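Here's a walk through one structure, written for someone opening it for the first time. Keep the 3D view at hand and follow along.

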Amino acid sequence: MIRAEGIRKTFGCRKAINNITVTIQEGNIFGLVGTNGAGKSTFLRILSGVLKPEAGTVTIDELPVFENEKAKAKICFLSDTAYFFPGATPKTMAHYYGIVYPEFDKKRFDELLNKFGMEQDAKINTFSKGMKKQVSVLLGICTNTQYLFCDETFDGLDPVMRQAVKSIFASEILNRNFTPVIASHNLRELEDICDHVGLLHQGGILLSRDLEDMKFHIQKIQCVIQNPVLEEELLRELDVMQHEKRGSLLTIIARGTKEEIMERVESKYPVFGEVLPLSLEEIFISETEVAGYDIKNLIC
Amino acid sequence: MTSKISFAKLLREDMKRRSWLLALCTVVFFLLGPVICLMNLESQFRRVRLNMGQYTLKDVKEWFLGFVGFNNGLLMAAVCICAVLCAVTGYQYLHSRTKVDLFHSIPVKREKFFLVQYVSGILFFLIPYVLCMVLCLLIGAFQGVVTARHVLYCTGSIGLGTLYFLMIYHVAILAMMLTGKLLVGILGTAVLCGAGTAVSMLQTRLFQSFYDTYFTTVSETGTAIRSALSPIKGYFYAAGRLGTKGKFPGVFLLAALVITILLLVLDLWLYKRRASEAAESAMAFPRTEGIVKVCMIVPASLWAGLLMGSFNTYDSSVNIGWFIFGVLISLILLHTIVEFIYHMDFREILRRKWSLLAAAVLAFGCSAVFFFDLTGYDSYLPREDKIDGMSVFTSNFNGRFSYPYDSELSYNTGSEQRTLDQVNVKDFQMIYDLAEEGVKNKNLRKEVYAMEESRIAVSRAKIGETSSEEQYDNVFIKYHLKSGRDVYRRYFVNYESSEKCIEQLCSNKEYKESLFPINYVKEENVAKCTLTDRYQRETILKLTDEQKIRLIRTFREEQNNASYETMTQGPIAGVLSIEVNEDEYSTSMYQYSISPGFTQTIALLRELGNEMDEQWNPEYAESIQITNYYESGTNTPPTASFTEKGDIAEILGAINWGGEYGPVKESTDYSVEVDVTWNIDGARSNGVYYFTEGKIPECVIRAFE
């Protein structure tokens with residue numbers, strides 16, 4: 001488990017991280033979402049022990065991270081712009097990773113490299129940006145560390161590669177104790193892989209929720225109720241997060257289970273009523289509007 | 001066990017990644033070591049074979065001693081550059097965010113990482129350096145020029161090179177720790193290596209420019225301290241001392257070792273405190289930005305002010321207007337440049353005005369201390385009861401004496417200081433009175449020079465005119481205090497006062513015995529004597545050892561017993577030059593003027609077969625050509641020739657030697673040059689002489705009217 005409590009980090013006059021407290025459970029894929037400059041990379045660097053926070057504590061399995069070899073041996077940090085040694089090849093980078101991460105699986109790395117269609121002895125500085133990301137991800141996965149911090153790792157990968165990486169992550173989670181933490185500004189990317197999502201904005205965590213839990217307890221309903229009195233009654237009875245009326249069509253996003261909400265709707269004799277699929281983006285927008293933030297413009 | 005393996009593996013990995021640096025160091029040391037050694041030895045042996053300049057195997061060995069020892073400047077320069085390269089390449093990862101992300105996230109303690117880079121940097125230097133030096137020794141041994149002394153010197157040189165490699169290495173690491181950009185780090189290294197020397201030179205220059213009574217002196221301790229301010233200068237200084245027999249700089253080397261260790265401790269301390277996010281910022285510790293900037297721009301602006309202020313002055317003084325302008329403009333410029341380097345944003349320059357203000361206050365405050373002499377430097381006059389002894393130097397009298405060059409210090413020391421250090425007069429009242437007059441005259445020099453300049457500007461000086469400068473004399477005085485401290489000053493005094501002082505001192509035999517250089521010559525070491533007579537003809541005296549000893553002793557006795565009048569009687573009868581064997585490898589030349597009053601010396605020289613006229617013989621003067629530089633300007637100076645016996649006699653009656661053999665009591669007029677063609681028994685020769693100020697013969701003046 002990764003526990004961050006009261007983390008604060010300032011760069012000059014700018015507060016990059018402002019009092020973040022979050023717990024990342026083992027075995028979950030944690031998605032860290034936020035706009036550019038929200039503090040995602042800074043937070044991951046603090047979790048990795050690269051940066052030292054001014055206040056607060058970060059522990060990994062009860063071990064403080066900063067300058068702690070034992071704690072750092074459990075994590076591997078994949079920066080948004082990975083560094084490769086001048087003139088290095090995937091083979092030489094794997095060799096280096098093998099030295100600093102004793103559990104590094106060289107054989108698996110070679111297999112994955114082959115699967116991804118890259119040569120061991122090709123110079124990395126001749127690779128495209130996407131290929132470099134692939135090498136970075138494969139190196140991270142093959143370190144066999146318990147935690148893998150990926151900073152905008154999926155950005156720059158083509159859709160096929162993204163899927164491949166997601167399936168590798170899923171396989172790793174199934175086969176061993178593996179907890180990836182993925183930072184991205186792309187909600188759609190995180191939606192189909194993450195179990196838990198945290199929203200970062202201007203250095204603070206706005207919300208941190210289990211994805212399934214969010215989806216189970218928030219529903220989007222479209223209905224048509226001819227009687228305006230009954231319509232008002234419905235809006236009062238439900239725990240509405242957001243609603244919109246276009247003509248006679250009423251769209252409601254409300255908290256509650258599907259059965260509970262539909263029961264209420266049926267009791268108002270609707271002409272028409274159905275539950276619609278809700279995207280992570282819509283859930284976030286609704287949740288944050290309730291919290292008083294209008295972040296429609298913030299999330300792409 | 002795992003940690004040890006990790007360290008060795010990390011070290012190996014780093015050495016693999018920076019193997020290009022090892023290759024570069026190897027090539028450089030190989031070229032500057034064994035290759036140049038072979039080339040030079042070949043050339044040396046060729047000289048021996050051809051017996052060029054009486055070159056022997058002993059000379060080759062001596063050269064080789066310097067090459068593998070402490071006299072190989074090229075190799076020393078390579079050591080310095082290698083140190084900077086190793087530090088910059090080893091720690092430049094701290095200046096890159098992507099590299100920091102990798103290296104600070106892996107499960108390796110940062111101290112271990114620091115150590116890996118540190119050790120690999122040392123190995124990149126040490127391995128090729130030691131191997132190449134050993135190779136040089138082997139080459140020398142094969143050529144038959146190696147002795148135990150060579151092995152000792154070579155070992156010492158390796159030790160010294162390693163010590164100063166480490167010092168420069170630590171300084172460069174310090175620069176990399178303090179900065180966050182590679183270029184700024186390299187600039188920082190240059191600043192740290194040179195700042196101490198620059199500030200020390202600034203101090204000297206400020207003293208020279210603002211203090212009327214200052215003159216440059218050198219001391220062992222002062223030289224050592226100044227050298228220690230820069231690791232590179234310290235390296236060359238230490239090598240120079242170690243290469244000089246009997247001058248082992250034990251304390252200096254110990255201090256260097258301590259400084260090296262302290263620098264390493266500082267590097268480690270800063271490394272631990274350095275935030276990873278400092279990468280790609282100009283300064284790693286933002287709070288140091290202002291301090292570093294002020295420390296840099298204050299001395300730099302004072303230098304700029306001095307340069308601008310001394311642009312149009314003929315001595316070491318400064319024009320205060322230009323000085324202030326120079327300081328002001330350079331403060332603003334340098335502040336702008338530094339702030340731009342820090343922030344890459346011109347808007348930040350205006351926001352940091354407080355540090356600019358602080359720098360201005362410091363710069364102008366420092367200037368005010370010197371300009372207004374707030375420390376009372378020029379007014380310094382210790383109480384007589386605090387003085388143990390004093391000495392005085394005047395160019396006219398003391399300038400003719402040269403002393404044994406028995407140390408590097410004296411080689412670098414001006415003739416004034418050497419004389420002052422040689423003598424310590426306990427009964428110093430006459431010197432103290434001179435000093436008192438000098439203190440009262442502290443602003444007189446500038447006034448007199450300014451007056452002289454305007455006099456020349458209004459009406460160009462003509463032949464025969466006397467300038468007001470010649471009524472005054474620059475005297476140099478040393479106070480040897482009872483506390484052990486020596487204080488040196490230069491004063492501008494009335495010419496008569498300085499002459500009176502010297503005259504009184506010359507009645508003191510002890511003074512003369514400590515002043516006259518002949519008293520320091522060991523007659524048994526005299527190799528050769530040469531006599532230059534008044535006609536400036538040079539003759540090597542063919543003397544036996546016994547005759548040499550007799551001549552030296554006679555001259556010494558006569559000079560020690562001579563009165564001031566006798567000693568300063570002019571023109572001199574001749575110059576006795578003595579070549580002395582200082583040690584196995586070096587000789588020195590000393591020149592002593594023979595006054596016409598030294599009758600015993602002159603008689604002995606005659607006895608030894610060398611004729612010396614006590615006065616000019618006009619019969620020997622074939623012709624005289626006089627050049628008048630008063631009228632030259634940009635044109636060829638006018639000349640006048642004299643062949644009439646009457647004119648020649650008149651001219652000969654007024655001429656004197658120039659330079660240190662010129663008249664003591666009067667000033668020499670160097671604007672009129674007298675070239676005499678002598679014809680002595682059919683042998684022609686030329687001699688150059690001068691007139692005394694204001695005593696140019698009428699025939700000469702008429703010739704130029």
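In an unreviewed UniProt entry, residues 2-227 of chain A carry the annotation "domain: ABC transporter". UniProt positions follow the numbering used here, feature names are shortened, and annotations may be inferred rather than shown by experiment.

Before going on, a word on ground rules. This is a predicted model, where local features need pLDDT of at least 70, side-chain atom pairs count only at pLDDT 80 or more, and totals for chains, interfaces and linings use all residues. Residues are numbered from 1 along each chain as its sequence is written, chains are lettered from A and ligands numbered from 1 in the order in which they are written, and side-chain values use heavy atoms, leaving out hydrogens and water.

How confident is the predictor about chain A? Its mean pLDDT (the predictor's confidence in each residue, from 0 to 100) is 87, and 96% of its residues reach 70 or more. Among the elements of chain A, β6(A) has the highest mean, 95, while helix α11 (residues 280-290) of chain A has the lowest, 73. Where pLDDT is low, the predicted coordinates should not be read in detail.

Now find strand β3 (residues 30-34) of chain A. Five of its five residues are buried, which means under 20% relative accessible area with a 1.4 Å probe and protein chains only (over 50% is exposed, and in between is partly exposed). In a regular strand the side chains alternate between the two faces of the sheet. For β3(A), both faces are covered: A:Phe30, A:Leu32 and A:Gly34 are buried on one side, and A:Gly31 and A:Val33 on the other.

β3(A) also has strand partners, where pairing takes at least two bridges found by DSSP. It runs parallel to strand β8 (residues 179-184) of chain A, joined by four bridges, with A:Gly31 opposite A:Ile182. With strand β9 (residues 196-201) of chain A, β3(A) also pairs in the parallel sense, over five bridges, and there A:Leu32 stands opposite A:Gly198.

A:Asn19, in strand β2 of chain A, has a positive phi of about 60° although it is not a glycine. A:Asp61, also not a glycine, has a positive phi of about 55°; this residue lies in the loop between β4 (55-60) and β5 (63-64) of chain A. A:Asp61 is partly exposed, with a relative accessible area of 21%.

Over to chain B, which has 27 helices and 12 strands. Its C-alpha trace spans about 100 × 65 × 55 Å along its principal axes, and 50% of its 705 residues count as buried. Strand β11 (residues 668-680) of chain B runs antiparallel to β12(B), with 10 bridges between them; B:Asp675 has B:Val688 as its bridge partner. In their hairpin, two residues lie between the strands, and B:Asp681 takes a positive phi near 55°.

On a 1 Å grid over the protein atoms alone, a cavity is a set of points where a 1.4 Å probe fits but cannot get out, while a pocket is an open set with protein on both sides within 12 Å along at least five of seven lines; lining residues have an atom within 4 Å of a point. The largest pocket has a volume of about 1200 Å³, the space filled by probe spheres set on grid points joined across faces, edges and corners. Of its 38 lining residues, A:Thr10, A:Phe11, A:Gly12, B:Glu277 and B:Ser281 lie nearest the centre. α1(A) gives the largest share of that lining, four residues. The largest cavity holds about 100 Å³, and the closest to its centre of the 13 residues lining it are A:Phe77, A:Ser79, A:Ala82, A:Tyr83 and A:Tyr97. α5(B) gives the most to this lining, with three residues.
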